[in-house]
Amino acid sequence: MCCRLEFGMKASGMRMVTRSWSREPGAGPRGIGEEAAPLGRGEAAAEGRKSHRPVKRQRKAQSLNVAYEVSDGEKGEGTELLKVPSWEPQDWQQQLANIRSMRSGKDAPVDQLGAEHCYDPSAPPKVQRYQVLLSLMLSSQTKDQVTAGAMQRLRARGLTVDSILQTDDSTLGTLIYPVGFWRNKVKYIKQTSAILQQRYGGDIPASVAELVALPGVGPKMAHLAMAVAWGTVSGIAVDTHVHRIANRLKWTKKVTKSPEETRRALEEWLPRNLWSEINGLLVGFGQQTCLPVRPRCQACLNQAMCPAAQRL
Ligand code: SF4
């Protein structure tokens, strides 16, 4: 799962290194922000915060994960750029350059079927954002192709908060099958959609803290939703590919046991202007080369400098 993140930053004129490898130089803008021109980063965030934050029954701060109360990304651009890490992995810049080179074809499943490709660009902005969140919820433990198919079936019926709430569980299950854990996802999608309707006017919240408070929404999804739907880099989105590759390359100071631990470890040293790029880059690399089982080390440009390289 990945995202293309340029739109919000472009709209706000912010300097940011994004997935330039995913766009052709000079290509026209693409993504939610372009269809919703007023929803640049600042405006999008403002809209979410002004209009869609709950005015009643606000969650108490202590009920939220402290790690997400104010993310580094939400503190503002620039602060992390000044941070000098006390540690960084050996050879990481060359390894990153090699991965960019191996990914230059942009032909991994994530490049065509990621969350930024699953929403209807002609829908109203808040519907687009809802569709982004829904595709992210469907994507966990699911191949990109399967998620894209489920989104296609849902969108064919008009995919909005209201349409989902009017769809019975059995029909919804049929539409999203065979995504992983589809029964649980039916339940979470219904619960989350009800919350979005009641508390956010049918939009999605514009903070990681509020996103992870939604049923079935984890940190990786929240960071990707912030990036794709709101144009805000709130943190590194770490899934199993990013988690695995970061450990193989020893991009974490010590072995990490979960994607969340990996996210924190990466954010300690990886320059913030690379945070948005890293998910899509490594996900595609994990899909094509650094496979979970029997990685294609013989074809990997990092073989000579990879601690986990299989040199058979
Ligand atoms: S050498 Fe093998 S394990 Fe190391 S990054 Fe490349 S594919 Fe992955």
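Begin by selecting Glu 277: with a relative accessibility of 1%, this residue counts as buried. The model on display is a predicted one.

**First stop: salt bridges**

Arg 100 belongs to helix α5 and Glu 277 to helix α16 (residues 275-288), so the pair ties together parts 177 residues apart in sequence. Unlike a buried residue, which has under 20% relative accessible area, Arg 100 reaches 30% relative accessibility and therefore counts as partly exposed.

The count of salt bridges in the structure comes to 7. For another of them, select Arg 129 and Asp 203, whose side chains meet at 2.8 Å, N to O. This pair also links distant parts of the chain: Arg 129 is in helix α7 (residues 125-139), while Asp 203 is in the loop between α11 (182-200) and α12 (208-212), 74 residues apart. Both Arg 129 and Asp 203 are buried.

**Second stop: helix α15**

Next, select Arg 263 and Glu 267. Their salt bridge has its closest N and O atoms 3.0 Å apart. Because Arg 263 and Glu 267 are 4 residues apart in helix α15, about one helical turn separates them. Both of these residues are buried.

Remain on helix α15, which spans residues 259-269, and select Thr 262. Is Thr 262 buried or exposed? With 0% relative accessibility, Thr 262 counts as buried. Beyond its neighbours within four places in sequence, Thr 262 is in contact with Val 238, Val 242, His 243, Ala 246, Asn 247, Thr 252 and Thr 256.

The structure holds 4 aromatic pairs. Select Trp 87 and Trp 269 and display their rings. The ring centres of Trp 87 and Trp 269 are 6.4 Å apart and the planes stand at 90°, so this pair is edge-to-face. The pair links distant parts of the chain, with Trp 87 in the loop between α4 (72-75) and α5 (92-102) and Trp 269 in helix α15, 182 residues apart. Trp 87 counts as partly exposed at 26% relative accessibility, whereas Trp 269 is buried with a relative accessible area of 3%.

Trp 251 lies in the loop between α14 (240-248) and α15, and Trp 269 in helix α15, so the pair ties together parts 18 residues apart in sequence. Both Trp 251 and Trp 269 are buried. To complete the view, select Trp 87, Trp 92, Trp 251 and Trp 269 together; these residues form one aromatic cluster.

Select Leu 133, Leu 154 and Leu 211. Of the 41 residues in the largest nonpolar core, these three touch the most other members. The elements that give two or more residues to this core are α7, α8 (144-156), α9 (161-165), α10, α11, α12 and α13 (219-230). Among the contributors, α13 gives the most, with 8 residues.

Centre the view on Leu 211. Leaving aside neighbours within four places in sequence, Leu 211 is in contact with Leu 133, Ile 204, Pro 205, Val 217, Ala 222, Ala 225 and Met 226. A second, separate core of 28 residues includes Ala 246, Trp 269, Trp 275 and Leu 281.

Select Pro 178, which lies in the loop between α10 (169-176) and α11. At 46% relative accessibility, Pro 178 counts as partly exposed. Apart from neighbours within four places in sequence, Pro 178 is in contact with Val 146 and Arg 153. The C-alpha atoms of Pro 178 and Thr 147 are separated by 8.7 Å, although the two residues are 31 apart along the chain.

Select the ligand and display its surroundings. Which residues surround the ligand? They are Arg 248, Leu 249, Phe 285, Cys 290, Pro 295, Cys 297, Cys 300, Gln 303, Cys 306, Ala 308 and Ala 309. This shell divides into 9 nonpolar residues, 1 polar and 1 charged.

Key
Residues are numbered from 1 along each chain as its sequence is written. This is a predicted model: local features need pLDDT of at least 70, side-chain atom pairs count only at pLDDT 80 or more; totals for chains, interfaces and linings use all residues. Side-chain values use heavy atoms; hydrogens and water are left out. Buried means under 20% relative accessible area, exposed over 50%, partly exposed in between (1.4 Å probe, protein chains only). Contact means heavy atoms within 4.5 Å. Rings of Phe, Tyr and Trp (its six-membered ring) pair if their centres lie within 6.5 Å; planes under 30 degrees apart count as stacked, over 60 as edge-to-face and the rest as tilted. A residue is near a molecule or strand if one of its heavy atoms lies within 4 Å of it. Ala, Val, Leu, Ile, Met, Phe, Trp, Tyr, Cys and Pro count as nonpolar, Asp, Glu, Lys and Arg as charged, and the others, Gly among them, as polar. A salt bridge is a side-chain nitrogen of Lys or Arg within 4 Å of a carboxyl oxygen of Asp or Glu. A nonpolar core is a set of buried Ala, Val, Leu, Ile, Met, Phe, Trp, Tyr and Cys residues joined through side-chain atoms within 4.5 Å.
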